[in-house]
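Hi,

Here is the structure I promised to pass on to you.

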Amino acid sequence: MSAVGVGPEAAEEVGTVPHAKRRATLHDMRRLFPVTDETAAGAPAPGAGGPSGAPAPSGATAAPEAYRTAGATGPNGSGHADREWSLGELAAAYAYPDPGPGGRPWLRANMVSTLDGAAQHEGRSQPISGAADMRIFGTLRALADVVVVGAETVRQEGYRPARARAEFAAARRAAGQGPAPAIAVVTAGLELDFGLPLFTSPLVPTLVLTGAAAPPDRVAAAQKAGARVVVAGDGTGVDPARAVRALAALGHTRLLTEGGPRLLGQLVAADVLDELCLTVSPLLAAGGAQRIAGGPSLAVPRRFALVSLLEEEGFLFGRYRRA
């Protein structure tokens with residue numbers, strides 16, 4: 001997951017994941033890709049939100065907080081230099097595609113990796129994250145209907161319920177979304193502490209994705225805590241494709257997964273991942289940390305296409321879609 005160890009003021013996800021308490025300091029961010037004629041000419045791109053005065057795309061909303069850019073283009077290719085990027089522009093840069101008449105779900109992953117491929121340091125992602133990664137982490141959550149996460153990541157990272165963000169409240173209402181995304185935990189054995197706030201006091205009921213053969217006593221414990229158990233597999237485990245369909249049937253078409261590596265590997269293997277938002281951290285970790293996706297190798301690696309690339313303080317923020 002990318003910056004899942006944040007939670008404080010930087011991402012407006014206070015208390016979501018508890019172990020990072022620093023405030024993000026924003027620095028100059030620049031867009032490296034795509035480069036357009038408007039970029040070179042310094043002209044605003046059509047439809048760019050924020051200070052240009054043009055409306056942001058659906059799902060984005062203007063906000064007082066912002067990125068600062070210098071000598072670079074804004075998130076939509078607009079050629080505004082030496083000014084701040086609004087949260088609306090950042091949301092527009094990461095907007096989900098139009099689901100179309102059929103309401104096709106779109107699954108994106110948000111992950112972070114060091115230069116040498118480590119997805120964690122000492123079992124957590126927060127030590128390899130940074131301020132801008134936290135901000136993108138919070139924005140991606142604010143755009144999503146549901147955040148899908150593996151049980152091991154919930155235990156390691158200390159997940160708590162997602163919080164409502166005032167800056168995105170109007171956009172979420174306009175998009176027909178609730179005040180905050182639901183958290184959906186993927187688990188076979190339901191070996192979770194159902195006394196935690198993630199289950200007992202979420203703003204939106206937490207979902208538990210499991211198989212039909214899951215332990216009945218653990219299913220009952222989850223339901224007693226207030227979680228909604230969703231069966232997405234015939235055995236004890238979860239079928240990724242079935243999980244995506246089950247979430248879509250509940251009205252969740254803007255899907256975000258924060259991993260961890262084991263879950264992401266399963267989603268990749270099942271060919272249900274549509275998009276990867278990958279932060280490359282300018283750090284070297286060495287050691288035996290996991291990569292962003294685990295599990296068996298694919299017979300043929302799947303190709304994704306680069307959609308956009310941002311940079312801040314040496315951190316690279318790539319957005320890739322299935323080719």
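In this predicted model, the largest pocket has 21 lining residues, and those nearest its centre are Val268, Arg291, Ala293, Leu298 and Arg302. Two elements, α9 (261-269) and β10 (275-281), each give two or more residues to that lining. The largest share, four residues, comes from α9. The space in the largest pocket is about 620 Å³. Sorted by class, its lining holds 14 nonpolar, four polar and three charged residues.

The second largest pocket, with a volume of about 420 Å³, is also worth a look. Its lining is made up of 21 residues, with Ala151, Glu152, Val186, Arg262 and Gln266 lying nearest the centre. Here the elements that give two or more residues are α4 (151-157) and α9, and α4 gives the most, with five residues. The classes in this lining come to seven nonpolar, ten polar and four charged residues. So that you can find your way between the two: α9 gives residues to the lining of the largest pocket and to that of the second largest pocket.

Next, a charged residue to look up. Glu258 sits in the loop between β9 (254-257) and α9. Is Glu258 buried or exposed? With a relative accessible area of 0%, Glu258 counts as buried, because the cut-off for that is under 20%. What does its side chain contact? The side chain of Glu258 makes a polar contact with the side chain of Arg141, at 2.8 Å.

On to the rings. The count of aromatic pairs comes to two. In one of them, the ring centres of Phe194 and Phe199 are 4.9 Å apart and the planes stand at 70 degrees, so this pair is edge-to-face. Phe194 is buried, with a relative accessible area of 9%, and Phe199 is buried too, at 2%. Phe315 and Phe317 form a stacked pair, with 6.4 Å from centre to centre and 15 degrees between the planes. Both partners are buried here as well: the relative accessible area is 13% for Phe315 and 2% for Phe317.

One last item involves a ring and a charge. Arg108 lies over the face of Tyr96, and the distance from the ring centre is 4.1 Å.

Happy browsing, and do write back with any questions.

Best wishes

Conventions: Residues are numbered from 1 along each chain as its sequence is written. This is a predicted model: local features need pLDDT of at least 70, side-chain atom pairs count only at pLDDT 80 or more; totals for chains, interfaces and linings use all residues. Side-chain values use heavy atoms; hydrogens and water are left out. On a 1 Å grid over the protein atoms alone, a cavity is a set of points where a 1.4 Å probe fits but cannot get out, and a pocket is an open set with protein on both sides within 12 Å along at least five of seven lines; lining residues have an atom within 4 Å of a point. Grid points are joined across faces, edges and corners, and a volume is the space filled by probe spheres set on the points. Ala, Val, Leu, Ile, Met, Phe, Trp, Tyr, Cys and Pro count as nonpolar, Asp, Glu, Lys and Arg as charged, and the others, Gly among them, as polar. Buried means under 20% relative accessible area, exposed over 50%, partly exposed in between (1.4 Å probe, protein chains only). A polar contact is a pair of N or O atoms within 3.5 Å; within protein, one must be able to donate a hydrogen and the other to accept it, and residues adjacent in sequence count only if both atoms are side-chain atoms. Rings of Phe, Tyr and Trp (its six-membered ring) pair if their centres lie within 6.5 Å; planes under 30 degrees apart count as stacked, over 60 as edge-to-face and the rest as tilted. A charge sits over a ring if NZ of Lys or CZ of Arg is within 6 Å of the ring centre and within 35 degrees of the ring normal.
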